Every structure is written in C-alpha cells, then in structure tokens.
Amino acid sequence: MNAMEFNQHKVDRSLRASEIGLVAILLLVAASTLGWPLPVSALAYVVILVTVMMLFANRKQDEFLERHWNTAATTAFFAICLWGLLAPFTIGVIDGVTGAEHGRNVADTLAKSILPIALVSFFGAFQFSRLRNG
Amino acid sequence: MDNRLRVLRAERGWSQAELGGRIGVSRQAINAIETGKHDPSLPLAFRLARLFDRTIEEIFNDGADHA
C-alpha cells in the first residue's frame, strides 16, 4: 500500500465514520424519546465520541473532507449559539401560552440539550454537505 | 468554476482515484472538482497545473473576462 492509497483509505474510513455517527445520533434520539435502557444511550455516546475523534484526526487528510468538517463544525456552532439565545425565550413563551409555570430551570434545560443539539446539527450538516457537494 | 480536468485526465487514461493519488487528494475531491461542486485550494490548483504541465488558467476558468 503506497502513501496515496493510504490517504484514500483514511478518507473512506472517515466518511463511513460520519455515517455511523449519524446512525448513532438517531439511536440516541430514539432511546431518549422512547425511554430505552441507559446502556443504549451510553453505547450511542461512545460510538459518537469515537466517530467525532476519527473525523477530527483525519480532517486534514483531504481538502474535500476538511470542507465537510468545516461546514459541520460551523453549523454546530451556529446551532448552539441560536439555541442558547432562543431556548429561554421559547420556554418563556410556552409557559406564557399554557398559563402554567412548569418550574423548568432554563440553565438546566440548556445544559441538558446543548450536546444533543450540537451533535445532531454537526452530523446532519456533514451529511448534507456530502449530498450537496459530491 | 469551469475546468478542463476531466478532459485532461481522460487524455491520459487516468481514473479519478489515480489522479487523486498522484496529487494527494481523494477521488471524491477530484469528482467534486470536475463537476464544479468544489473549487480547489491554490496549492492543489498549482499541483494540478504542474502535473498536467499547464498553467492554472489553462485548466480552470472563473468566467471572468481576462482581456
């Protein structure tokens, strides 16, 4: 195997990791929505962690791969900022419309939701960039 | 951005993977450049120009009038 083949192998492996990461995200969402056992969520988080580390480590192997990474990271950052600004407002509106004080702690809600928001937007944007750009 | 990469590659009988291997990028990157979905970085454009023994302008056309 020469150096160039190795480069292609790493890119292929990273793209496959991004697909596995997206599946793990969907698994995580399903687990939290449907109340699946904790080990399922834990497994999904481990898979996501590994795939993100793989993508991070290999992002500079190829400028096209780096472009996907940049798109995904930018989108995740934007989503976090937007969520940080809009979440308190949204919670306030919901409480106002329903006329009920649910006693939700805004900081706690933000802290719990920020990681899923970042991961969903990251992997979603990564795959969208792949579909759109080649 | 228009380019003649597909033509130049076909003249030499190279696959996208083979061309990518010669300049150190993935076949996905070559495909995206050929279809105009990705503009190569300046270092990559120079590598392509050197490989095909052409100037960058002979390979890539940004559509601007260079009169």
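Modeller: One term comes before the questions: accessible areas here come from the Shrake-Rupley method with a 1.4 Å probe. On that basis chain B exposes about 3800 Å², and carbon and sulfur atoms supply 48% of that area. Keep in mind that this is a predicted model.

Colleague: How do you know whether the radius of gyration of chain B agrees with that of a compact globule?

Modeller: The globule rule is 2.2 Å times the number of residues to the power 0.38. For 67 residues it gives a radius near 11 Å, and chain B has 11 Å, so the two agree. The C-alpha atoms fill a box of roughly 35 × 25 × 20 Å along the principal axes.

Colleague: Which helices and strands does chain B have, and in what pattern?

Modeller: Chain B has five helices and two strands. Along the sequence they follow the pattern β-α-α-α-α-α-β. Of the contacts in chain B with a separation of 6 or more, 54% are between residues 24 or more positions apart.

Colleague: What percentage of the residues of chain B count as buried?

Modeller: Buried means under 20% relative accessible area. Of the 67 residues of chain B, 39% count as buried.

Colleague: Why is Val52(A) called partly exposed?

Modeller: Val52(A) has 25% relative accessibility, so it counts as partly exposed. Val52(A) lies in helix α2 of chain A, residues 38–58. Beyond its neighbours within four places in sequence, Val52(A) is in contact with Trp69(A), Leu119(A) and Phe123(A). Val52(A) and Phe123(A) are 71 residues apart in sequence, yet 9.2 Å apart in space, C-alpha to C-alpha.

Colleague: What makes Asp53(B) buried or exposed?

Modeller: Exposed means over 50% relative accessible area. Asp53(B) has 69%, so it is exposed. Asp53(B) sits in the loop between α4 (42–52) and α5 (56–59) of chain B.

Colleague: What is the phi of Asp53(B)?

Modeller: Asp53(B) has a positive phi of about 55 degrees, although it is not a glycine. Most residues other than glycine have a negative phi.

Technical notes:
Residues are numbered from 1 along each chain as its sequence is written. Chains are lettered from A and ligands numbered from 1 in the order in which they are written. This is a predicted model: local features need pLDDT of at least 70, side-chain atom pairs count only at pLDDT 80 or more; totals for chains, interfaces and linings use all residues. Side-chain values use heavy atoms; hydrogens and water are left out. Helices (H or I, at least four residues) and strands (E, at least two) are DSSP runs, numbered from the N terminus. Buried means under 20% relative accessible area, exposed over 50%, partly exposed in between (1.4 Å probe, protein chains only). Contact means heavy atoms within 4.5 Å.
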